[in-house]
Every structure is written in C-alpha cells, then in structure tokens.
Amino acid sequence: MGNKILITGGAGFIGSHLVRQFVNKYTDYKIFNLDKLTYAGNLENLKDVESKSNYQFIKGDINDAEFINDLFLKYQFDGVIHLAAESHVDRSILEPLAFIHTNIIGTVNLLNAAKNIWKDHYEGKRFYHISTDEVYGSLGEEGLFLESTSYDPQSPYSASKASSDHFVRAYGNTYGLPIIISNCSNNYGPNQFPEKLIPLIISNILQNKALPIYGDGKYTRDWLWVKDHAMAIDTIYHNGANGETYNIGGFNEWKNINIVLLICDILDEKLGNPSGTSSQLITYIKDRPGHDRRYAIDASKLKSELGWVPSITFEEGIRQTIEWYLDNQQWLSNITSGEYLQYYKQQYQI
Ligand code: NAD
Ligand code: DAU
C-alpha cells in the first residue's frame, strides 16, 4: 500500500490517539490530519507529534466538497482513515442537522473525492470508515452484536452513522472503491471530551458537582481502552480485506451506575477523601429520549482473522484514565469554558 494517509478528525479523542500511533510507528509514512477543529477538536492533544516531519495538520471542513476534492488532487492520498464526525448522542437529539451534514454528506464528499482522484486505479489504495456499534440498535439482556446483525439505529447520531456506513458500502459495491468499515463499542481513556459519561463523571467529582445518571442507571455499554481501538484500526487498515466489516469491542460490559461507583471509589482514594464521599453526588435525572438499553460487541472475527485482542483490563485502563485527568486539569478547564458551558446548561438544566 502507498504511504500518504489522510486521517480525518485527528484532533478529536480517538483520532488523536490514532495519529500519534501512526506518526510514531510508521516513520516512512506521511500522515495528514484533516480536522475542522469543532468544539471537540483540540490540537493540544497532539503537541508531542506536531513537529514531526512525517506529520501535517490541515484545518478544513469535510462538508466543503470543492475543498476536499482539491485536497485529494494536491496531495494524492493513498489511504483514508475517516473518523471526523459529530459524535455525541445527546447533541444529536438537540440538533440533528449538524449530524446529517458532517456524518452523511461529509462522508460522501470524501468518497467522491477518492473515487474522482483514484479513477479506478485502486491498487495500493484504501478507504477505511470508522463507525460505531450503535448502528445495530439496542440489545435485550442476552446476545451480542455480530457483523451480520441488521442495522436498527435509534438516535439521530446512530441514524447518521448508519447512513454513512451504507454510502461507504454502496461506493464499494457500485464503483469498486476499496473500502473497509469497523464498528466499535464505547471508548474511554485520556483526551475524551467531558460531555461523555466517564470524563463527565471524573470532571464533576473534581468540581464537587452533581453526577447526572440518566433513568435507572442500569443501561449497559461495552467499554474499550482508546489505545486498543487505535491498535485495532492499525491492524485492520494494514491487514483487513477490502469490502469487509469488523466489529471491535472490549469484551467488557458495565452498567452505567457501576462504572460511576467505581470512579467514585478510585477518586475518593486518590483525593484522600473518606470512602463514600463522591458517591453522595450521584443524582438520577430524566432519561435520555430513545435511550438504547444495552450494547455488547462480538469481536471474535477480528480476533480469529487478524489476531487483535484488547491489551489491558478495564480496571487498569480506568485507573490510568483517572490519573490522566488528575494530571491534566488545565486541559480540562481549557475546553470546559465557553461553548461547553452553554451546552451543559441546556442539557442538564443544573
Ligand atoms: P470526537 O467528537 O472526539 O472527535 C471528532 C473530531 O472530528 C473532532 O476533532 C472534530 O473537530 C472533527 N470534526 C467534526 N466535524 C468535522 C468536519 N465537518 N470536518 C472536519 N472535521 C470535523 O469523536 P471521537 O469520539 O473521537 O469519535 C471519532 C469517530 O469514531 C467518530 O466517527 C465516531 O462516530 C466513531 N466512534 C466513536 C466511539 C466513541 O466511543 N467515542 C466509538 C465508536 C466509534
Ligand atoms: O457505542 C459507541 C458510541 O459510544 C459512540 O459511537 C459514540 O460516539 C459515543 O459517544 C458513545 O455513545 P454513548 O451514548 O453510549 O456514550 P455516552 O458517554 O454519551 O453515554 C454512555 C452511557 O451513559 C449511556 O447509557 C448514557 C449514560 N449517561 C451519559 C451521560 C453523558 C448518563 O447516564 N449520564 C450522562 O450525563
């Protein structure tokens, strides 16, 4: 495969871990990071790689078709790993259109540019779309999502991701574009924006604020260490087969309330507070509309065909995550000013 790779959304949570992994590991590649720098994109995440000679940041919007086409013409990318997206379910409930623009039209703009520039010369080329397990909908008490599970998206976010997956497959089927898709479960780790459950709980404990739990708190997610997701993407990009879909998951299901209690215990210990201090902040609030009850991924195809398995346990990962947030409180306060405060008031009314 050629070595000029475009990573979209590389200033975000997962994207920044992926960019670091590729820049440090593949010194003979040129990694281009295209990001609009929305509220979720933060170049501080990439301070340690920004001066490397095999890395280049490009500020731009995937919704701008002409700009995207010009970019592909100029740089002649060999591969695309597409992560740029609006990624938060609650925001998609407040403002669905932004998700339709970026997640669907933005993805189609990238597909068109790849198709136009590669012009049927697909040898050594790859278009890899990063998607989510939420496209499969919600599970009951039993069962796991397989690659063959029917799509049944329930939120505006997951509907937009499902639609983008369909377009990626359609371009593979119709134009022969060398595409790959992976659908991953919930990620956690350093640099995650504190609108998502785990960093929100850590951040609120540090500020002695209420810990908002939607509904009965018994909703279940399958959590994966973000660096393990980056490693899975690396494996799939290099060794996956064209046209294939791979599920990625942590084999690690937790009910929300149990994760929150675990974080409370670890932070009480680390902050030197009596056990039970942080959990007093737990506040049950109105449920998320259309809240999916349970996600759980069967990642055995990725394990048996490509040999990927998660590298660390959740207990280890959550400790490392909490330590990272404790050591990077300036990072937190830089991004939780401005627009985020407005969103927080609208979402939680507290
Ligand atoms: P994030 O919100 O942290 O980052 C998204 C990035 O995309 C930001 O840097 C943002 O600036 C950029 N971006 C947004 N709109 C853009 C546009 N129009 N043009 C260019 N850049 C734009 O998201 P994340 O959690 O890192 O998720 C990355 C991808 O992985 C998404 O596609 C998401 O659907 C998928 N995913 C996320 C998870 C998870 O648990 N976070 C799990 C599975 C899949
Ligand atoms: O499954 C993969 C998906 O995981 C990704 O595609 C999404 O981009 C990512 O945001 C994540 O979606 P979730 O909706 O599962 O993540 P979130 O962190 O928003 O919520 C996790 C669970 O915690 C969910 O059941 C809702 C609940 N929750 C969340 C927040 C923000 C609360 O109870 N209180 C909260 O304040």
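Contact here means heavy atoms within 4.5 Å, and every view described below is taken from a predicted model.

**View 1. Helix 4 against helix 5.** Helix 4, spanning residues 96-118, and helix 5, spanning residues 156-175, have axes that come within 8 Å and cross at roughly 15°. Because angles under 35 degrees count as roughly parallel, helix 4 and helix 5 are described as roughly parallel to each other, and their crossing is right-handed. From helix 4 the contact draws on P96, F99, N103, I104, T107, V108, L111, N112 and K115, which meet P156, Y157, S160, K161, S163, S164, F167, V168, Y171 and Y175 of helix 5. Sorted by class, this contact of helix 4 with helix 5 comprises 11 nonpolar, 6 polar and 2 charged residues.

**View 2. Helix 6 against helix 8.** Helix 6 (residues 197-206) packs on helix 8 (residues 256-271) at an angle of about 40°, and the two axes are 10 Å apart. That angle makes helix 6 oblique to helix 8, and helix 6 passes helix 8 in a right-handed crossing. On the side of helix 6 the contact is formed by L197, I198, I201, I202, I205 and L206, while helix 8 contributes N256, I259, V260, I263, C264, L267 and L271. The class count for the contact of helix 6 with helix 8 is 12 nonpolar residues and 1 polar residue, with no charged residues.

**View 3. Helix 6 against helix 10.** Helix 6 also packs with helix 10 (residues 314-327), here at an angle of about 50° and with the axes 11 Å apart. Helix 6 and helix 10 are therefore oblique to each other, and the passage of helix 6 across helix 10 is a right-handed crossing. The residues of helix 6 that take part are I198, P199, I202 and L206, and they meet F314, I318, T321, I322, Y325 and L326 in helix 10. By class, the contact of helix 6 with helix 10 holds 9 nonpolar residues and 1 polar residue, and no charged residues.

**View 4. Domain 1 against domain 2.** The domain assignment of the chain divides it into domain 1, made of 4-188 + 223-248, and domain 2, made of 197-220 + 253-290 + 313-342. The C-alpha centres of domain 1 and domain 2 lie 27 Å apart, and the contact takes 14 residues from domain 1 and 20 residues from domain 2. The size of an interface is often given as the accessible area lost when the parts come together. For domain 1 and domain 2, the area buried between them is about 1,300 Å², with 54% of it on carbon and sulfur atoms.

Methods: Residues numbered from 1 in each chain as written. Chains lettered and ligands numbered in written order. Predicted model: local features only at pLDDT ≥ 70, side-chain atom pairs only at ≥ 80, totals over all residues. Heavy atoms only, no water. Axes fitted to C-alpha atoms, helices over the stretch in contact; angles between N-to-C directions. Helix = DSSP H or I, 4+ residues; strand = E, 2+ residues; numbered from the N terminus. Parallel < 35°, antiparallel > 145°, perpendicular 65-115°, else oblique. Left-handed = near helix turned anticlockwise from the far one by under 90°. Nonpolar A, V, L, I, M, F, W, Y, C, P; charged D, E, K, R; others polar. Domains from an automatic or database assignment. Buried area = accessible area lost by both parts, 1.4 Å probe.
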